Amino acid sequence: MSAQSNAPILIKRKKVVSGDGHHGGAWKVAYADFVTAMMAFFMLMWLLGATTEKQRKGIADYFNPTIPVVRASGGGQGAFGGDSVYSENTLAQNGTGAGLARPTEARQARGDSGTSPAEANDASENGLVSEDALKDIERRLLAAAGESMFSELLRRHVVTRISDEGLVVELFDTDDTILVDDQGRATPQLRSLMSQILPVFAVVTNQIAIKGHVRAQPLVVRENRSWERSTQRADIVRGLIEAEPSFAARVQRVSGLADRIPAASDPMSVRNDRIEIVLLRN
């Protein structure tokens, strides 16, 4: 018994493990960062191989915080210098950037018309106008960039457009104001319009065509004088134009088209009583 009492007492401790537990999602975040970095790396390698040196410089400038990126621009002031990474040929960039306070020649701010300097000088010396010049004269007439040169009353009678013939300035009657009275005389409104149109036309020497139009008459009218009335309207404007000595030889043709080409869906609308003054192309 004594021998057994002197035996060492062994204590066995058993470690109880209750499952693997939850390790968290930190590895997923790290893996997502790795995938994002690899995607950015492959995107960088693709851009280096698919772009030119000029385009790569545009990309670098775009991400440069010292260069402001404006919302309104023209002529390639944004990313890629106005080019696309898919374009193989770089097209010419003309026009002044709308967001540039001081546009320079390097940023295509010359507003080229597409013609060579020699052609532009010849056209200017001859007084003839191209497509861009016709649009510029149209802007002058309506003063689209600022205050209109027509009063609010007169602006109600004017419509301009560019056609195959040239710049068309259309003067038309309204319900409360006419341009030619019943006696076939020009009203003060028509004279005022012509006094403001002719100075703009004087900057060029292109020929002028005049067309008269009238609205349709009811079928019960005993004598339809649409042809005479439309020709009369055109001839009245011809007289106002040729009253200026510098315009005497510029009127190329005067024609009356009666009611054959209405401007409104209703052939009898007063809107069809109009006169078209065409600044002919070269």
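Contact means heavy atoms within 4.5 Å. Helices (H or I, at least four residues) and strands (E, at least two) are DSSP runs, numbered from the N terminus.

The model is predicted: local features need pLDDT of at least 70, side-chain atom pairs count only at pLDDT 80 or more, and totals for chains, interfaces and linings use all residues. Residues are numbered from 1 along each chain as its sequence is written, and side-chain values use heavy atoms, with hydrogens and water left out.

Two strands pair if DSSP finds at least two bridges between them.

Strand S3 (residues 208–213) pairs with strand S4 (residues 251–256) in the parallel sense, over 5 bridges. Ile210 has Val254 in S4 as its bridge partner. The chain passes from S3 through helix H8 (residues 226–242) to S4 in a right-handed β-α-β crossover. Right-handed means that, with the strands pointing away from the viewer, the path from the first strand over the helix to the second runs clockwise. Ala209 stands opposite Arg253 in S4.

Overall, the protein chain holds 8 helices and 5 strands. From the N terminus on, the elements run α-α-α-α-α-α-β-β-α-β-α-β-β. Of the contacts with a separation of 6 or more, 66% join residues 24 or more positions apart. The accessible surface is about 18900 Å², and carbon and sulfur atoms contribute 55% of this. Areas come from the Shrake-Rupley method with a 1.4 Å probe; for residues, only the protein chains shown count as cover. Buried residues (under 20% relative accessible area) make up 31% of the 282 residues.

Thr51 is found in the loop between helix H2 (26–50) and helix H3 (53–62). Thr51 is buried, at a relative accessible area of 8%. A polar atom of the Thr51 side chain lies 2.5 Å from the backbone oxygen of Leu47.

Technical notes
Buried means under 20% relative accessible area, exposed over 50%, partly exposed in between (1.4 Å probe, protein chains only). A polar contact is a pair of N or O atoms within 3.5 Å; within protein, one must be able to donate a hydrogen and the other to accept it, and residues adjacent in sequence count only if both atoms are side-chain atoms.
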